[in-house]
Amino acid sequence: MTDTATPGVQKKKGLTRRQKRSLSRGVQYAVFVAAVIAFAVSADWDRLQNQFAQADIAERMFPDVITLALKNTVLYTVTGFAVGLALGMVIALMRLSSVGPYRWLAGIYIEIFRGLPALLIFIFIGVAVPLAFPGTEIVGGTYGKVALALGLVAAAYMAETIRAGIQAVPKGQLEAARSLGFSPARAMISIIIPQAFRIILPPLTNELVLLFKDSSLVLFLGVTLEERELSKFGRDLASQTANSTPILVAGLCYLLVTIPLGFVVRRMESKAQEAVT
């Protein structure tokens, strides 16, 4: 029998690249569904409900979990973010300075405070500062200490973010401002920094989310009942009731803030990409 195939042309064998991708995606979905079913079947839902979902305990947390704990958490976060943003701006400008010692000091600060755990910063503010400066009180009491501790941590990250944003602004913007008679300082404040903040707004919002969670470290400063944030509030009530429902409710309160913030970040990033394209 004569082979009628065209010489030099080989028949395609196996799956195409698209079919392989579809098969791989189908296998991944199947594995995920199987894992969810296995978890749902093997978990002891009655014990989980008894330990984490007691409605009567959850009801006892309201309205204090919102009017006290969540309010304090938001207040700690906002003040810490404000301190971190102001300090981060100064450090970023020092990092970009033509004066060597300024750059070195800014670099040392960034490396130290990015490398140290936030917990150690809180302990330093709450213990080391009063020992080093007896009789000295930080303005604002516990709120001031938390703002300072969170600000010191956040400033190291914000400084690098702000520096990157300033460097991302085209150099022609500064040259154009100088040609119009702007001094270097005025050009930086009026032209460069506003453009830089439009670029770095999404990562700064991410930093706000991280600070919101780091505010749980306030318990290491020794807070009063009226100064408790979500984690401390939930942990205290969990100890009193010998049940973990308060911790779950506190976690859900965190999500009430972090999920909308995450949505805002994604919207900002998509708009920034649309502006670039």
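Where is the kink in α7 centred? The kink, of about 35°, is centred on Ala155; the bend at a residue is the angle between axes fitted to the seven residues ending there and the seven starting there.

## Basis of the model

This is a predicted model, in which local features need pLDDT of at least 70 and side-chain atom pairs count only at pLDDT 80 or more, while totals for chains, interfaces and linings use all residues. Residues are numbered from 1 along each chain as its sequence is written, and side-chain values use heavy atoms, with hydrogens and water left out.

## Overall architecture

The protein has 11 helices and 0 strands; these are DSSP runs numbered from the N terminus, with helices (H or I) of at least four residues and strands (E) of at least two. The radius of gyration of the protein is 27 Å, well over the 19 Å that the globule rule gives for 277 residues, so the protein is more spread out than a compact globule. That radius is taken over C-alpha atoms, and the globule rule is 2.2 Å times the number of residues to the power 0.38. Along the principal axes, the C-alpha atoms fill a box of roughly 105 × 70 × 30 Å.

Buried residues account for 35% of the 277 residues (buried: under 20% relative accessible area; exposed: over 50%; partly exposed: in between; 1.4 Å probe, protein chains only). Of the contacts with a separation of 6 or more, 78% are between residues 24 or more positions apart, where contact means heavy atoms within 4.5 Å.

## Helix α7

Helix α7 comprises 28 residues (residues 141-168), and at 1.5 Å a residue it should span 40 Å; its end C-alpha atoms are 39 Å apart, which agrees. The expected span is 1.5 Å times one less than the number of residues. In α7, 20 of the 28 residues are buried, so the helix is largely enclosed by the rest of the structure.

## Aromatic pairs

The protein contains 4 aromatic pairs, counted for rings of Phe, Tyr and Trp (its six-membered ring) with centres within 6.5 Å; planes under 30 degrees apart are stacked, over 60 edge-to-face and the rest tilted. The rings of Tyr76 and Tyr143 have centres 5.2 Å apart and planes at 40°, so this pair is tilted. The pair links distant parts of the chain, with Tyr76 in helix α4 (residues 64-95) and Tyr143 in helix α7, 67 residues apart. Tyr76 is buried at 0% relative accessibility, whereas Tyr143 is partly exposed at 26%.

## Lys232

Lys232 lies in helix α10 (residues 230-241) and is partly exposed, at 24% relative accessibility. Leaving aside neighbours within four places in sequence, Lys232 is in contact with Leu219 and Val223.
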